[in-house]
Amino acid sequence: MGFCGGKFAYRKGNRNISLDFTLGMVTEDFSLIINESHVEGGGRLTAVLTPKTELTITDCFLMTDESLSDETAVFLNGYQTWTDSGEMRLDFSIPKLNALAMPLIGMYGDYSFYKSRRGMLQSWTYTYILKAKGGSITLYGSLSEKSGFTVFEYSSKEKSLRVIKDCKGLTLQAGVSYVMFDLFTISAEECVAFDSYFAASGVPKPKVSPCTGWTSWYNYYTGVTQKDVLENLAAFSSRKLPIDFFQ
């Protein structure tokens with residue numbers, strides 16, 4: 001569990017330059033300082049770029065040292081509420097949005113700015129790896145998305161995981177520091193891993209109890225009828241399923 005390199009590419013004037021990540025990089029164009037520390041039972045990595053001249057980022061990613069297999073289950077966090085989230089195998093294919101629906105809802109997803117490729121799976125902001133059913137997980141998560149989205153990208157061919165910063169095309173001015181990555185990693189039982197991740201992110205634990213319920217929207221959308229409502233009420237009643245809300 002950890003990071004083992006990466007790539008930083010940028011454009012300076014008419015020149016395109018590509019470099020490998022190292023723990024401390026100082027060039028005539030920028031300084032890139034990478035710090036690793038221990039927080040909340042896990043590890044934290046930050047990468048801060050300070051340009052010495054105006055430059056435009058063209059690519060930026062970190063590689064992890066994860067060794068995956070066809071049997072590995074990974075959690076994919078969808079970009080928004082209409083995107084599936086769940087544990088998937090590496091040979092899973094994320095469904096593409098129907099071309100007819102693109103003009104209507106394409107703007108609400110990642111379809112226009114993240115180009116999904118065959119054999120690749122993406123997870124937004126955080127992800128985890130489950131190597132044995134019922135065992136611990138290895139969680140990777142961004143601690144801040146203020147400087148751009150963080151994409152965790154799996155390759156079914158290379159059996160690898162890399163972390164991408166959505167900053168392609170970003171122009172930086174001399175002397176203005178940019179936080180490229182602020183990442184948290186931990187291997188632990190699922191509840192412990194997420195409690196540690198939220199604590200490292202500064203997210204307090206909920207102060208109210210979870211609630212359960214049923215809503216018509218994601219089952220029937222605008223086509224719900226009185227008959228549908230009554231049938232579902234009868235189903236809950238006959239099975240004596242306790243819920244807090246029926247919407």
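User: Which residues make the nonpolar surface patch of about 460 Å²?

Analyst: This is a predicted model. Residues in a patch have over 30% relative accessible area, and W217 has 37%, which makes W217 partly exposed. W217 has its place in helix α3, residues 217–220. The patch of about 460 Å² is made by W82, W217, Y218 and Y221.

User: Is Q80 buried or exposed?

Analyst: Q80 lies in the loop between β7 (73–76) and β8 (86–89). Leaving aside neighbours within four places in sequence, Q80 is in contact with Y108 and G109. Buried means under 20% relative accessible area. With a relative accessible area of 18%, Q80 is buried.

User: Is M107 buried or exposed?

Analyst: M107 is placed in the loop between α1 (102–105) and β9. The cut-off for exposed is over 50% relative accessible area. At 59% relative accessibility, M107 counts as exposed.

User: How many Å apart in space are M107 and K240, C-alpha to C-alpha?

Analyst: In sequence, M107 and K240 are 133 residues apart. The C-alpha trace of the chain spans about 70 × 45 × 35 Å along its principal axes. From C-alpha to C-alpha, the distance between M107 and K240 is 42 Å.

User: How many aromatic pairs does the structure hold, and what kind of pair do W124 and F149 form?

Analyst: The structure holds 21 aromatic pairs. In the pair of W124 and F149, the distance is 5.7 Å centre to centre, with 85° between the planes. Planes over 60 degrees apart count as edge-to-face. The pair of W124 and F149 is therefore edge-to-face.

User: Where in the chain do W124 and F149 lie, and how many residues apart are they?

Analyst: W124 is in strand β9 (residues 120–124), and F149 is in the loop between β11 (137–142) and β12 (150–155). W124 is buried, at 3% relative accessible area, whereas F149 is partly exposed, at 33%. The pair links distant parts of the chain, and its two residues are 25 residues apart.

User: Why is the pair of Y126 and F194 edge-to-face, and how many residues apart are they?

Analyst: The ring centres of Y126 and F194 are 5.8 Å apart and their planes are at 90°, so the pair is edge-to-face. Y126 is in strand β10 (residues 126–130), and F194 is in helix α2 (residues 190–201). F194 is buried, with a relative accessible area of 14%. This pair also links distant parts of the chain, with Y126 and F194 at a separation of 68 residues.

User: Which residues do ring pairs link into a cluster?

Analyst: Y126 and F194 are a ring pair, and both belong to the cluster. The cluster linked by ring pairs consists of F75, Y126, Y128, F184, F194, Y197 and F198.

User: The charged end of which residue sits over the ring of F61?

Analyst: A charge sits over a ring if, among other conditions, it is within 6 Å of the ring centre. The charged end that sits over the ring of F61 is 4.5 Å from its centre. The residue is R162.

User: What percentage of the residues in the chain is buried?

Analyst: The chain has four helices and 17 strands. Among contacts between residues at least 6 apart in sequence, 62% join residues at least 24 apart. The chain exposes about 14600 Å², and carbon and sulfur atoms supply 55% of that area. Of the 247 residues in the chain, the buried share is 38%.

Methods
Residues numbered from 1 in each chain as written. Predicted model: local features only at pLDDT ≥ 70, side-chain atom pairs only at ≥ 80, totals over all residues. Heavy atoms only, no water. Patch = residues over 30% accessible without salt bridge, like charges linked within 9 Å, V, L, I, M, F, W, Y side chains within 5 Å. Areas by Shrake-Rupley, 256 points an atom, 1.4 Å probe, with all protein chains shown as cover. Salt bridge = Lys/Arg side-chain N within 4 Å of Asp/Glu carboxyl O. Buried < 20%, exposed > 50% of the residue type's maximum accessible area, 1.4 Å probe, protein only. Contact = heavy atoms within 4.5 Å. Phe/Tyr/Trp six-rings, centres within 6.5 Å; stacked < 30°, edge-to-face > 60°. Lys NZ or Arg CZ within 6 Å of the ring centre and 35° of its normal.
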